[in-house]
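These are my notebook entries on a structure that I looked up. I began with a single residue and then turned to other parts of the model.

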Amino acid sequence: MSKDIYIHGTEPSEQERLAGLNRMTNAAFIRFLDVPAGAHVLEVGSGLGLLAFDVANAAHDVMVVGVEISAAQIAKAPAHKRVTFKQGDAHTLDFPDGAFDIVYARYLLEHVADPAHVVREMRRVTKPGGRVGVCENDVSLIRFDPPCPAFDRAWDLFARFQATLGGDGLIGRRLHRLFRQAGFTDIELSVQPEVHWYGSPGYVAWVHNIIGNLESARKGLVATGIISQTELDAGVAELERLKTDRTGSAVFVWNRAKATR
Ligand SMILES: C[S@@+](CC[C@H](N)C(=O)[O-])C[C@H]1O[C@@H](n2cnc3c(N)ncnc32)[C@H](O)[C@@H]1O
């Protein structure tokens, strides 16, 4: 069931978008995670394995296990002698209690049927004194200038479509609640900003990534009648224009939470 919730799918163009997003966001996430040397780490929903690879290289002798539901994603993961992948569902982590020093998930909770259960599972497999960290989406926190009204409408409908699949593109705002309900008391919230403008190094890649989000869901968005092909094209065209607009800028923030078990 969880597989069908995943709004982006695993087409090569989507895997390319996700790899690009990793290039843009991994360094900041690794600073947030702050993995100590020798740590045993679990990534839940490890996708293409690119973040797990970078986490393994973040400190001496770090071992990472990635759990991922899709065999197509695991098949694309780069080899690393201290990283292994297991196909599995985040709702039923196949590890004993307290198996890992650090457990993290990024861009996952928005895609699962029961995020509260997943956070509880993450806590269960963390050692007492170990840490859990997540970084998630709240799609309402996006802004472009000059205004892109057709994009704004398509983006709103994209989030509604995700909700009809059983996901939650606004889950970033719920992280504190989810962590409290999972039993954590020592919780810290933070954000990871995306601030880009015409000519800045990440500007075109960021706008391209947002277009890729829409494109990954195009088939479903249009087939369900949530948005027409023409309206979606208009939203995408606005962002394509923004890429070359010398006055253009983009702001977004990722929502993060970390806690000690
Ligand atoms: C947006 S990707 C993020 C991948 C990776 N964490 C990263 O930051 O690049 C989300 C991944 O979660 C996987 N996924 C979705 N539902 C899952 C579940 N219930 N259990 C495990 N993985 C799941 C998807 O197949 C996809 O590869």
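**Entry 1: Asn213**

I looked up the partners of Asn213: apart from neighbours within four places in sequence, Asn213 is in contact with His8, Arg17, Trp155 and Phe158, where contact means heavy atoms within 4.5 Å. Asn213 lies in helix α8, residues 203–216. Helices here (H or I, at least four residues) are DSSP runs, numbered from the N terminus. Asn213 counts as buried because its relative accessibility is 6%; buried means under 20% relative accessible area, with a 1.4 Å probe and protein chains only.

**Basis of the entries**

I noted that this is a predicted model, in which local features need pLDDT of at least 70 and side-chain atom pairs count only at pLDDT 80 or more, while totals for chains, interfaces and linings use all residues. Residues are numbered from 1 along each chain as its sequence is written, and side-chain values use heavy atoms, with hydrogens and water left out.

**Entry 2: Val55**

I found Val55 in helix α3, which covers residues 50–56. Is Val55 buried or exposed? With a relative accessibility of 0%, Val55 counts as buried. Neighbours within four places in sequence aside, Val55 is in contact with Ile30, Leu33, Val35, Val41, Val62, Val64 and Tyr104. I also looked up Ala27, which is 28 residues from Val55 along the chain; the C-alpha atoms of the two are separated by 9.3 Å.

**Entry 3: the cysteines**

How many disulfides does the structure hold? I recorded zero disulfides, a disulfide being a pair of cysteine sulfur atoms within 2.5 Å. Cys135 counts as buried because its relative accessibility is 0%. Cys148, at 3% relative accessibility, also counts as buried.

**Entry 4: the ligand**

Which residues come nearest to the ligand? Of the 20 residues around the ligand, I listed Glu43, Gly45, Glu68, Ala90 and Arg106 as the nearest. The shell divides into seven nonpolar, nine polar and four charged residues. In this grouping, Ala, Val, Leu, Ile, Met, Phe, Trp, Tyr, Cys and Pro count as nonpolar, Asp, Glu, Lys and Arg as charged, and the others, Gly among them, as polar.

A side-chain N or O atom of Asn22 is 2.9 Å from an oxygen atom of the ligand. A nitrogen atom of the ligand lies 3.3 Å from a polar backbone atom of Ile69, and a backbone N or O atom of Ala90 is 2.9 Å from a nitrogen atom of the ligand. On its own the ligand has 600 Å² of accessible area, of which the protein covers 98%; such areas come from the Shrake-Rupley method with a 1.4 Å probe.

Technical notes: Near = heavy atom within 4 Å. Polar contact = N/O pair within 3.5 Å; in protein donor to acceptor, adjacent residues only side chain to side chain. Buried < 20%, exposed > 50% of the residue type's maximum accessible area, 1.4 Å probe, protein only. Helix = DSSP H or I, 4+ residues; strand = E, 2+ residues; numbered from the N terminus.
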